[in-house]
Each structure stands twice: as C-alpha cells, then as structure tokens.
Amino acid sequence: MNFYDIIFYIFAAITLLSALFVVTTRNIVHSAFYLLFTFFGVAGIYVLLGADFIAISQILIYVGGILILLLFGVMLTNKITNVEIRTGTVHMLPAAIATGIFMGAVVVVMVWTEWKSEPSATPLTTTTNIGHLLLTDYVLIFELLGILLLVALIGAASIARRDKE
Amino acid sequence: MLQVGLTHFLIVSAILFSLGIYGIVTRKNAVMVLMGIELVLNSANINFIAFSKYGNFGLSGQVIALFVIILAAAEAAIALAIVLNIYKTFSNVNVDEIDHLKE
C-alpha cells in the first residue's frame, strides 16, 4: 500500500461520503455545499488517473459554474427569508432497496469481470495532446458542441425571460 | 486487493452512480433532482477516464469526458431555466405535484 493508494482512498472517501450526504440531507443548501466536496473529490480522482486538464476543467465548470447555477436555482425558487430550505422525499425505502440491489449487482459485475488492464504511460502534460485530438479526430463533435452551447445559451435566456403580460 | 487498480475506480463510480439514482428517485425538489443527475454524469466520467488510462486507448476517453462536462453545463442551464418557469407558474418546484403542462 503505497502513497498513491492512500491518496486514492482519501479521495474516494471524500467523494462517496459527501455524495451520500448530498442525497440524504433534507436541507437543500447543505446538499449544495456537500456537492462541492463531491466535485473536488472527483477532480482528485481524475488527477490520480493522469487527467490533469480534465480535473481543472471539472473544478472550473462544475464548481465555478454549475454549482453556482444550482445555488441560484435554490435561492430563486424558495423564499429567501426562509432559512431552513427543505426538500420533501418520496418512496425512501423502496428506492433505497432498489438502488442497493442495483449497486450490488454492478459492483459484483465490476469485480468479477476480467478487465484488460495495461496502464498506459501517462504523458507529462495531457493538454497538448487533448488539443491535437480536439482539432483532428474529434473536430466535428467539437464544432457541434460549440453550436450546442450557443443554442443552450440563447434557449435558456429566452425560456427564463419574464413575459410582459 | 488493496493495490489500487482499474476495479477500484469502477467500484467508486458504480457507488456514485447508485447514489445519484437514489437522489433522482427520492427527492421532490427539482433542483435536488438536478444534483442527482450531476452525480450520475460524474460517475460516467470517472469510468471514461479510468478506461482511457487502464485500457491503453490514448486520450480519447479524456476528450469524451470533456464533452460530457460541456453537455452537463448546457443541461444545467436549460434545466434551471425550465425550473424557474415552473416556479413562476406553480409557485413550487416539487416534481410530484406538477402534473399538467400549463395552468
């Protein structure tokens, strides 16, 4: 058990514990803050897998963008004066049993399958190679995602706009 | 067994996926459902990057993970716009009480 393994277990524990709190806490604002730790833990796991650029993108986009957006969503859809913003829950027990069975099945499959495992030597920096891939092999998807982001921007602005009545 | 390999990352991702599904199914508030969806997308990304490293596929998995992150950003923006509209119309965002399209 070397240093790499210890760091992996620390990040996995951070990720899974905070994800558990995200889905079990009743207070929505607390959930959003636990989600912050989940995103950081996942970013740490990306770094352990040699994906430094993806980890930075994860922190920039998820923590800096999506989490703030979710907090805005919480604040705009509840009365701000209400400090205890709570969420109701439905079907707790059947959902817990069903997802528990699903999780057990998937974990058993993951453990029993003989995966091809030959770790590639990670290049020192992945950013250059990702840039090359984006503009050669994946250039069509790259351009389509640019258009999709534009459409999503305009669509979100026009959907959320207050109608003049 | 304690030596970290591909299986460990896959197990973390499977547990994260199940927690996300649990959140989507049990929460009433639409914003909480979105948080569950983000957990699911993150677990898929862990799988992509883990297979990209241990399967020796080059960096394709990382590029696809980047695409998933971008799609998640677009999805969150659109979904929150819809949630705000629902709040304007129904004055709450509990997904089990909203069962008609207009009012």
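Guide: A nonpolar core is a set of buried Ala, Val, Leu, Ile, Met, Phe, Trp, Tyr and Cys residues joined through side-chain atoms within 4.5 Å. Buried means under 20% relative accessible area (1.4 Å probe, protein chains only). Here the largest nonpolar core has 65 residues, and A:Leu35, A:Tyr46, A:Ile54, A:Leu70, B:Phe9 and B:Met35 have the most contacts inside it. H3(B) gives the most to this core, 11 residues. This is a predicted model: local features need pLDDT of at least 70, side-chain atom pairs pLDDT 80 or more, while totals for chains, interfaces and linings use all residues. Side-chain values use heavy atoms, without hydrogens and water.

Visitor: With what is A:Leu70 in contact, leaving aside neighbours within four places in sequence?

Guide: Contact means heavy atoms within 4.5 Å. For A:Leu70 the partners are A:Leu35, B:Val31, B:Leu34, B:Met35, B:Glu38 and B:Leu80.

Visitor: How is the span of a helix checked?

Guide: Helices are DSSP runs (H or I, at least four residues), numbered from the N terminus. The expected span is 1.5 Å times one less than the number of residues. Helix H3 of chain A (residues 52-76) has 25 residues and should therefore span 36 Å; its end C-alpha atoms are 34 Å apart, which agrees.

Visitor: Where is the kink in H3(A) centred?

Guide: On A:Tyr62, with a kink of about 30°.

Visitor: Why does A:Gln58 count as buried?

Guide: Because its relative accessibility is 0%. A:Gln58 lies in helix H3 of chain A, and its contacts beyond four places in sequence include A:Phe39, A:Tyr46, B:Asn42 and B:Ile69.

Notes:
Residues are numbered from 1 along each chain as its sequence is written. Chains are lettered from A and ligands numbered from 1 in the order in which they are written. Helices (H or I, at least four residues) and strands (E, at least two) are DSSP runs, numbered from the N terminus. The bend at a residue is the angle between axes fitted to the seven residues ending there and the seven starting there. Buried means under 20% relative accessible area, exposed over 50%, partly exposed in between (1.4 Å probe, protein chains only).
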